[in-house]
Structure formats: structure tokens, C-alpha cells
Amino acid sequence: MFCQFRPYLIFFEVLIKKTQIALLISLLASGSAYAGTFTNGGFENGNLSGWTQGGGSWNGSATLPTASSYVGGPSNNTVVGVGKDAITGANTVYNGNHSVRVNDSIPNSSVSTISQSVTNYTDKNIFFQWNAVLESSHTLTDSDYFSITLRDDTTGADIISRSYSSAGAIGSGTSGVTWTPFSGWFTSGWQLESIDLVKLAAVGHDFTLSMLLSDCPYGGHAGYAYLDGFGGTVVPPGPGNVPIPAAVWLFGSGLAGLLGIRKKSKLAA
């Protein structure tokens with residue numbers, strides 16, 4: 001009796017498969033807008049697609065720079081491959097095959113920013129890795145400088161604001177980082193940044209995450225950082241460890257289900 005229904009089963013298998021392929025294409029095409037995720041979060045595209053850049057200079061002022069003041073200005077951001085930092089010898093990439101270096105080791109009062117906005121971010125956490133290298137310089141408010149800001153675009157408030165200079169941590173939320181002196185520089189080593197959106201009651205909101213790297217305002221000391229692995233999951237360190245988009249997992253699960261149905265139908269026949 002099963003044989004007479006077999007053509008219908010095959011028809012529905014093909015229909016479901018086509019539907020899942022169409023869904024996969026739609027999900028991949030829609031990017032971060034479809035459901036909270038970072039576009040090109042590990043820079044594995046080999047470029048800065050999905051990211052907004054900015055920059056300029058910080059000259060002779062003890063007022064710390066903010067990323068929002070430099071949007072659209074000339075940036076100094078470079079996607080780098082697997083290798084070693086020239087000053088510290090640390091790995092330039094945390095996972096996968098690329099990261100981004102924001103600013104550089106040349107002291108010329110430069111400021112560089114990088115940011116990305118995501119909508120309907122439904123993961124419980126935002127994770128990423130960073131490794132800042134700051135040249136020993138002046139005091140807290142006029143040294144080379146690194147900041148992380150997470151703005152909740154749904155509420156219009158900055159819910160994370162973390163800042164570091166070569167003179168020490170600035171403000172709250174910056175504990176737990178051990179800075180190592182290295183031939184006139186300080187390095188954080190690779191740090192895992194973990195932002196708990198459940199604790200912040202912000203799951204499903206829209207966000208803009210911004211990072212800023214600045215030289216000192218007198219042009220004598222430099223600061224830069226490597227950034228990698230932005231997303232809702234933690235990826236282990238090492239080349240080749242790249243997050244798999246949720247859409248691909250969805251498609252894979254559906255395909256596995258189809259293969260299971262097909263296998264059962266053959267056995268029943």
C-alpha cells in the first residue's frame with residue numbers, strides 16, 4: 001500500500017527542499033536586518049563590508065574623543081591576516097583568518113573609529129575579542145586611548161561605555177584587564193568582551209556598537225587595537241575557527257531531515 005503513496009512523498013520532499021533553499025537565500029541576502037547578527041563580524045570577507053568607519057585627529061585637548069564625533073571622517077583601519085604584531089609579537093588574528101586593526105603605531109594625533117548597527121538583535125549576548133596596544137604617555141585624559149560604546153538605539157541610551165588609556169582604566173566597567181608593559185608600550189593581550197543583554201533587559205533591541213582608537217593629542221604617542229569575532233557566540237581561538245551563520249544551521253538541519261525521510265521511504269519500499 002505504501003508504494004501507491006510514494007510519488008506523493010517524493011513530490012512533497014522536492015517541494016520542501018525548494019522552499020528551504022528559497023528560505024536560505026532570503027536569510028543570507030537580508031543580512032543583519034533579518035534578525036540580530038553582525039554582518040562580516042569576523043572580517044572573513046577580507047574587507048570592512050558591513051562596517052561604518054570614521055576618523056580624524058585629536059589635537060591639544062584634554063576632552064576625550066568620542067566615536068560619534070568622528071563618523072564619516074578619514075579612517076585608518078586595516079583588515080589584516082594571520083601573523084604577529086610587530087611590537088608585542090601577539091597574534092594579529094584571534095579566530096578565522098582575518099581581523100581588523102583600528103589605527104596604527106605611528107604617533108601623529110590620529111583617531112580612527114569603526115562601528116556597526118544591528119536591528120532586532122535576539123541573541124542573549126554580544127561577544128567579541130580585542131587586543132589593544134597603547135604607547136606609554138601622559139595622564140588619563142590626554143593619553144592614547146581606546147573606547148567601546150554600545151548604544152541602545154531602541155531606547156536612545158548608551159548602555160555600555162568602557163574606556164582605557166595608557167595611564168589606566170577610565171570610568172566603570174573596565175576592571176579585569178591586566179595591562180602588560182612592553183618596551184615603552186602597554187598591551188592588553190586578547191580580551192573576550194562579553195555584553196549580557198539579558199542582564200541589561202535589552203534582548204531584541206536595536207544597537208550601535210562603536211570602537212575608537214586614538215593617539216595622544218600632542219602627536220607623540222600612538223594607540224591601536226585588533227578586533228575580531230563579533231557575534232552572539234564565542235568562537236575558540238586559532239586560524240580556521242569561523243562562526244557558522246544561523247541560516248546555514250537551519251538549512252543543514254532541514255536537509256538532514258529530508259535525507260532521513262528519504263532513507264525511511266526507501267526502507268519501507
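Biologist: Where in the protein does Thr208 sit, and which strand holds it?

Modeller: Thr208 belongs to strand β12, which covers residues 207–214. Helices (DSSP runs of H or I, at least four residues) and strands (runs of E, at least two) are numbered from the N terminus. The protein has two helices and 13 strands. This is a predicted model, with residues numbered from 1 along each chain as its sequence is written. Local features need pLDDT of at least 70 and side-chain atom pairs count only at pLDDT 80 or more, while totals for chains, interfaces and linings use all residues, and side-chain values use heavy atoms, with hydrogens and water left out.

Biologist: Is Thr208 buried or exposed?

Modeller: Buried means under 20% relative accessible area, exposed means over 50%, and partly exposed lies in between (1.4 Å probe, protein chains only). Thr208 has a relative accessible area of 17%, so Thr208 is buried. Across the protein, buried residues make up 41% of the 269 residues.

Biologist: Which side chains make polar contacts with the side chain of Thr208?

Modeller: A polar contact is a pair of N or O atoms within 3.5 Å; within protein, one must be able to donate a hydrogen and the other to accept it, and residues adjacent in sequence count only if both atoms are side-chain atoms. The side chain of Thr208 has such a contact with that of Ser117, at 2.7 Å. A polar contact of 2.7 Å also links the side chains of Thr208 and Asp153. Leaving out residues up to four places away in sequence, Thr208 touches Ser115, Gln116, Ser117, Thr149, Leu150, Arg151 and Asp153. Here, contact means heavy atoms within 4.5 Å.

Biologist: Now the rings: how many aromatic pairs are there?

Modeller: Rings of Phe, Tyr and Trp (its six-membered ring) pair if their centres lie within 6.5 Å; planes under 30 degrees apart are stacked, over 60 edge-to-face, and the rest tilted. By this rule there are 17 aromatic pairs. Take Phe38 and Tyr121: their ring centres are 5.9 Å apart and their planes at 65 degrees, so this pair is edge-to-face. Phe38 is in the loop between α1 (2–30) and β1 (52–57), and Tyr121 is in the loop between β4 (110–118) and β5 (125–135), so the pair ties together parts 83 residues apart in sequence. Phe38 and Tyr121 are both buried.

Biologist: How many cavities of 30 Å³ or more does a search of the whole structure find?

Modeller: On a 1 Å grid over the protein atoms alone, a cavity is a set of points where a 1.4 Å probe fits but cannot get out, and lining residues have an atom within 4 Å of a point. The search finds one cavity of 30 Å³ or more. The largest cavity holds about 50 Å³ of space, a volume being the space filled by probe spheres set on the points, which are joined across faces, edges and corners. Its lining is made by Thr52, Gln53, Gly54, Ala67, Val71, Thr113, Ile114, Ser115, Ser210 and Met211. The elements giving two or more residues to this lining are β1, β4 and β12.

Note on methods: On a 1 Å grid over the protein atoms alone, a cavity is a set of points where a 1.4 Å probe fits but cannot get out, and a pocket is an open set with protein on both sides within 12 Å along at least five of seven lines; lining residues have an atom within 4 Å of a point.
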